Amino acid sequence: MNEELKPSRRQFLKIGGAAITMIPIMSMSGNAVAAVNAAMRTSMKYQDKPNGAKHCANCMHFVPGKTPKALGGCQIFPGDTEISPNGFCIAWAAKP
Ligand code: SF4
């Protein structure tokens, strides 16, 4: 095999390490796999409680869960499946 094309152990470990850091923080919730986008939550100052009448359930970015009270997602929090309908962040925008 051409030595230039043969990946070294160091290269393999670098790629593996990078791949692991791309995996969001995951937790098991019942039978479903749930994930939290901690970086986005921090940067958008997400909280699990409403800000007055402003909350995720009446935000245009909210992706509802299976029931009105179930956790859902957010269009601007990639991979996060634990957004509370009663939550809030600084990106809140009223549903049209
Ligand atoms: S943008 Fe913020 S307020 Fe709106 S659904 Fe997403 S997390 Fe909730």
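**Briefing: nonpolar core, ligand shell and confidence**

The largest nonpolar core consists of 10 residues: Tyr46, Cys56, Cys59, Phe62, Leu71, Cys74, Phe77, Ile83, Phe88 and Cys89. The model is predicted, with a mean pLDDT of 81 for the protein chain. In soluble globular proteins, nonpolar side chains tend to be buried together. Buried residues make up 19% of the 96 residues in the protein chain.

**Fold**
- The protein chain contains 2 helices and 4 strands.
- Read from the N terminus, these elements follow the order α-β-β-α-β-β.
- Among contacts in the protein chain with a separation of 6 or more, 59% join residues 24 or more positions apart.

**Ligand shell**
- The ligand is surrounded by 14 residues, and the closest are Cys56, Cys59, Phe62, Cys74 and Cys89.
- Sorted by class, this shell holds 12 nonpolar and 2 polar residues, with no charged residues.
- Cys56, Cys59, Phe62, Cys74 and Cys89 also belong to the largest nonpolar core.

- Isoleucine 83 sits in the segment after strand 4 (73-74).
- Isoleucine 83 counts as buried because 26 C-beta neighbours lie inside 10 Å, where the cut-off is 20 or more.
- Leaving aside residues up to four places away in sequence, isoleucine 83 touches Cys56, Phe62, Leu71, Gly72, Gly73, Cys74 and Phe77.
- Although isoleucine 83 and phenylalanine 62 are 21 residues apart along the chain, their C-alpha atoms are separated by 8.2 Å.
- With the same exclusion of residues up to four places away, leucine 71 touches Gly65, Thr81, Glu82, Ile83 and Ser84.

**Lysine 45**
- Lysine 45 is found in the loop between helix 2 (38-43) and strand 3 (62-63).
- Its phi is near 55 degrees, a positive value in a residue other than glycine.
- Most residues other than glycine have a negative phi.
- Lysine 45 has 11 other C-beta atoms within 10 Å and is therefore exposed, the limit being 12 or fewer.

**Confidence**
- In the protein chain, 66% of residues reach a pLDDT of 70 or more.
- Confidence is highest in strand 3, at a mean of 98, and lowest in strand 1 (residues 25-29), at a mean of 47.

Note on methods: Residues are numbered from 1 along each chain as its sequence is written. This is a predicted model: local features need pLDDT of at least 70, side-chain atom pairs count only at pLDDT 80 or more; totals for chains, interfaces and linings use all residues. A residue is near a molecule or strand if its C-beta atom, placed from the backbone, lies within 6 Å of it. Ala, Val, Leu, Ile, Met, Phe, Trp, Tyr, Cys and Pro count as nonpolar, Asp, Glu, Lys and Arg as charged, and the others, Gly among them, as polar. Two residues are in contact if their C-beta atoms, placed from the backbone, lie within 7 Å. A nonpolar core is a set of buried Ala, Val, Leu, Ile, Met, Phe, Trp, Tyr and Cys residues joined through C-beta atoms within 7 Å. pLDDT is the predictor's confidence in each residue, from 0 to 100.
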